[in-house]
Amino acid sequence: MKSKILSIDELLAERALLRAAGQKLVFTNGVFDILHVGHVRYLEQARGLGDALVVAINSDASVRALKGAGRPLINEGERAEILAGLRTVNYVIVFDDVSPRSLIADLLPDVLIKGGDYALDEIHGREEVEAAGGRVVSLAFVEGVSTSALIERMKEKRR
């Protein structure tokens, strides 16, 4: 599993190999703090849109900047390993920025994916991917399933 967790240089080398072989790289990103059925369905759909799927996860520091001091619940190394253990995921990378835009600009995937809770004009990296001839897809959101909702349910059970 750990062989799927790559540095930026390793991922760029894999990207070059895929491009040379005429294969499509699909990219998505997120926190993936508590893996749930919404994530699994989303990643399955994303993987179906190309030949290889890379999942970029926010580092612990960028999660705290986005979600607050109580997050992440699971550290970046463990989150990366969990995602790498999924058969639908080919590559995992951890990024430190709050936005994945610079990573996307470097990688230029063929397909950029986000969940349906994002409008196309809200997706970071959209302009770069489309300018390079790629496409951007917003997949359907699985209603009632989110990490934040799970955390709230756990808090309610404790009361």
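Colleague: Which residue of β3 is the bridge partner of Ile57?

Modeller: In β3 the bridge partner of Ile57 is Val94. In general, strands of a sheet pair through backbone hydrogen bonds, in parallel or antiparallel fashion. Here β2 (residues 52-58) pairs with β3 in the parallel sense over five bridges; two strands count as paired if DSSP finds at least two bridges between them. Strands (E, at least two residues) and helices (H or I, at least four) are DSSP runs numbered from the N terminus. This is a predicted model: local features need pLDDT of at least 70, side-chain atom pairs count only at pLDDT 80 or more, and totals for chains, interfaces and linings use all residues. Residues are numbered from 1 along each chain as its sequence is written, and side-chain values use heavy atoms, with hydrogens and water left out.

Colleague: What is the order of the strands in the open sheet?

Modeller: The order of the five strands is β3-β2-β1-β4-β5, with parallel pairing. Because β3 (91-95) and β5 (135-139) stand at the edges with a single partner strand each, one side of each lacks a neighbour in the sheet.

Colleague: Which strands does helix α1 touch?

Modeller: Helix α1 (residues 8-20) touches β1, β2 and β3, contact meaning heavy atoms within 4.5 Å.

Colleague: Is Asp33 buried or exposed?

Modeller: Asp33 counts as buried because its relative accessibility is 1%; buried means under 20% relative accessible area, exposed over 50%, and partly exposed in between (1.4 Å probe, protein chains only). Asp33 lies in the loop between β1 (25-30) and α2 (37-47).

Key: Axes are lines fitted to C-alpha atoms, for helices over the stretch in contact, and angles run from 0 to 180 degrees between N-to-C directions.
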